[in-house]
Amino acid sequence: MARNFKRFQEILKNRNFTAYITSYYVGGFANFVQMFAIWAQALRLSGQDPLALGIVTMMEILPGILISPWAGLLADRMSKRTLLFICYTLRAGTLLLMFFSSELWHLYLLAGLHSTFVAFGEPPHRAFLPLLVRPEQYVSMNSLIATMNNIWQIFRPAIGGWVVFTFGSQTAFLVGMGMYLLAPLLLTLVKVHDSAAHRTREERERSSMWQEVREGVAYIRTEPILVYLFVFMMLFTLCMGTQGTLTMLFVGQHLVPEEQASGAVGLLFSALGIGGLVGAFLTTLLVKRLPLLLLLFTSLAFDGVMVVIFAMCDTMTVAITCFAFFGIIGSVNQIVQDTLIQTIVPEHLRGRVYGAFGPITGPLSLLSVGAGTSLASVIGTRAVFMICGVMEIGAVGICRMLPSYKQVRESLAEKIPQSTFQT
C-alpha cells in the first residue's frame, strides 16, 4: 500500500493532472447537485408525480446513446480541452434556464439539453486522461481516479442532497451553475500536447468527418481485443442495468420498513464507495499477478455470486457486505477496461472508441431496466436479482467459449505483457 501511495503522490505532483482532475470533480459535483435539484423541481411542478421523475430520467439517458459517437469523433478532430471548456459553459447555461423553468415541459427539454452536453463531454474526458501521464502510469492513474471516485461516492450524495434540502432546488441550480463556470477556468491551467488540437485546417478538410467515422468503425472491427471487450460490456450491461433501479424497491420489501428504505439505500451506496476504495488499491496488486482478461472474467463471475447472496439476504448487515464487494469488483472492472483501451488504442482514435460505448451499451441498459422492472412486478425483486446473478456467472462462460477467446488472449499477451506492470 505504501508503494501505491508513492505512485499516487508522483502523479499528483504533475500539475497538469492535478489541475485537470480538480476541474473534473468540480464539474462532477455540479452535475450531482443538478441531479438532485431537477428531481426536486420535477416533483414540485408535477405535484409529486413519480412519472415526472421517470420522464426526466429517460431524457437524461437518451442523448448519451445518440450523441456519444459524434462526441468521440470531435474529440479526435479538435482540442479535447476546448471541447470540455465549451461543454462546461453550456451546462452552466442550461442550469440558469432551469432556474427560470416554470413548466414541466421546460424541465424535460432542459434535462435532455443538459444531458446532451454531458454526453459530448464524456469521450473527450476519457480520451484526454492518457495525455496527462506516461503510459507506464496508466494503471496507477486509473487506480487513483477510482480511489477519488469512491471517496466522492461516500460523501457526494449526502452533500448534494443537503444543498437541495437546505437551500431549495432554485438556489441549487445557481450553485451548480457557478461550479460549472469554475471548472473551465481550472482547465486553462492544463497544458499538454494534444495531437488533435494541432491538426491543420487542410488536414481536417482532407479527412472528412464521414471518412473518420468509417475509419473508427473499421479500427474497432479489425481489433479483436476491442470487439471482445465490447461483447463483454454488452453482456455486463444487460445483466447489471436493472439492479440499481430495483435496489430501493428490494430494500423496502425485504430488509427494512418501506419508510426507512431511502436511508438504508444511502448506507448501501456508502458501502459501495468504501469497497471501491479497497478495489482501487487491490487492482494495482492484481494486475501484476493475473492477466487482464482473467481479471475481467473473475470480477464478473464474483459479482454474480455476490448478487445471488444479496438476493437471498434478509439483513442489512449482509446487504452492506455485498455492496462493499460490489464496490471492489466495480473498481477492478473499470480500471482494467480503461487500462486496456488506453494502452491498445492509438491517441488519434481513442475518442471514437470511447464514443462507441454509448450506442452499444445505452439501449441494452434501457432494455435491462425495462425487462427487469416488468419481471419484478410478476415474480418479485428477489427472483429478478437471482436471475441477474446467474446471468452474470453465465456471461463469463459465454465469453470464455467465444471462438475469438484464444486469439484475444494471445494478442493481449503480446501487446500488454505481464512485465508491463512489474516494478
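Q: Which residues line the largest cavity?
A: In general, rolling a probe the size of a water molecule over the atoms shows where empty space is left. In this predicted model, the largest cavity is lined by I225, Y228, L229, F232, L293, L296, L340, V408 and L412. About 40 Å³ of space lies inside this cavity, and the count of cavities of 30 Å³ or more comes to 1.

Q: How many residues of the lining are nonpolar, polar or charged?
A: The lining has 9 nonpolar residues, with no polar and no charged ones.

Q: How is a nonpolar core read, and how many residues has the largest one here?
A: The general idea is that in soluble globular proteins, nonpolar side chains tend to be buried together. Here the largest nonpolar core has 45 residues, and F17, Y20, L132 and I145 have the most contacts inside it. The elements giving two or more residues to this core are helix 1 (2-12), helix 2 (15-46), helix 4 (80-100), helix 5 (104-128) and helix 6 (138-187). Helix 6 provides the largest share, 14 residues. Another core lies apart from this one; it has 36 residues, including L229, F230, L340 and I344.

Q: What does L132 touch, leaving out residues up to four places away in sequence?
A: L132 touches N14, N16, F17, Y20, V190 and V192.

Q: How are aromatic pairs described, and how many are there?
A: A pair of aromatic rings is described by the distance of the centres and the angle of the planes. The count for this model comes to 13 aromatic pairs. One of them joins F232 and F236, which are stacked, at 6.2 Å centre to centre and 15° between the planes. Both residues lie in helix 9, 4 residues apart, or about one turn of the helix.

Q: Are F232 and F236 buried or exposed?
A: F232 is buried, with a relative accessible area of 1%. F236 is also buried, with a value of 15%; the cut-off for buried is under 20%.

Q: Why is the pair of F250 and F310 called tilted?
A: The ring centres of F250 and F310 are 4.7 Å apart and the planes are at 40°, so this pair is tilted. The pair links distant parts of the chain, with F250 in helix 10 (residues 243-254) and F310 in helix 12, 60 residues apart. F250 is buried at 0% relative accessible area, and F310 is buried at 1%.

Q: Which residues form one aromatic cluster with F250 and F310?
A: F323, F326 and F385 form one aromatic cluster with F250 and F310.

Conventions:
Residues are numbered from 1 along each chain as its sequence is written. This is a predicted model: local features need pLDDT of at least 70, side-chain atom pairs count only at pLDDT 80 or more; totals for chains, interfaces and linings use all residues. Side-chain values use heavy atoms; hydrogens and water are left out. A nonpolar core is a set of buried Ala, Val, Leu, Ile, Met, Phe, Trp, Tyr and Cys residues joined through side-chain atoms within 4.5 Å. Buried means under 20% relative accessible area, exposed over 50%, partly exposed in between (1.4 Å probe, protein chains only). Contact means heavy atoms within 4.5 Å. On a 1 Å grid over the protein atoms alone, a cavity is a set of points where a 1.4 Å probe fits but cannot get out, and a pocket is an open set with protein on both sides within 12 Å along at least five of seven lines; lining residues have an atom within 4 Å of a point. Grid points are joined across faces, edges and corners, and a volume is the space filled by probe spheres set on the points. Ala, Val, Leu, Ile, Met, Phe, Trp, Tyr, Cys and Pro count as nonpolar, Asp, Glu, Lys and Arg as charged, and the others, Gly among them, as polar. Rings of Phe, Tyr and Trp (its six-membered ring) pair if their centres lie within 6.5 Å; planes under 30 degrees apart count as stacked, over 60 as edge-to-face and the rest as tilted.
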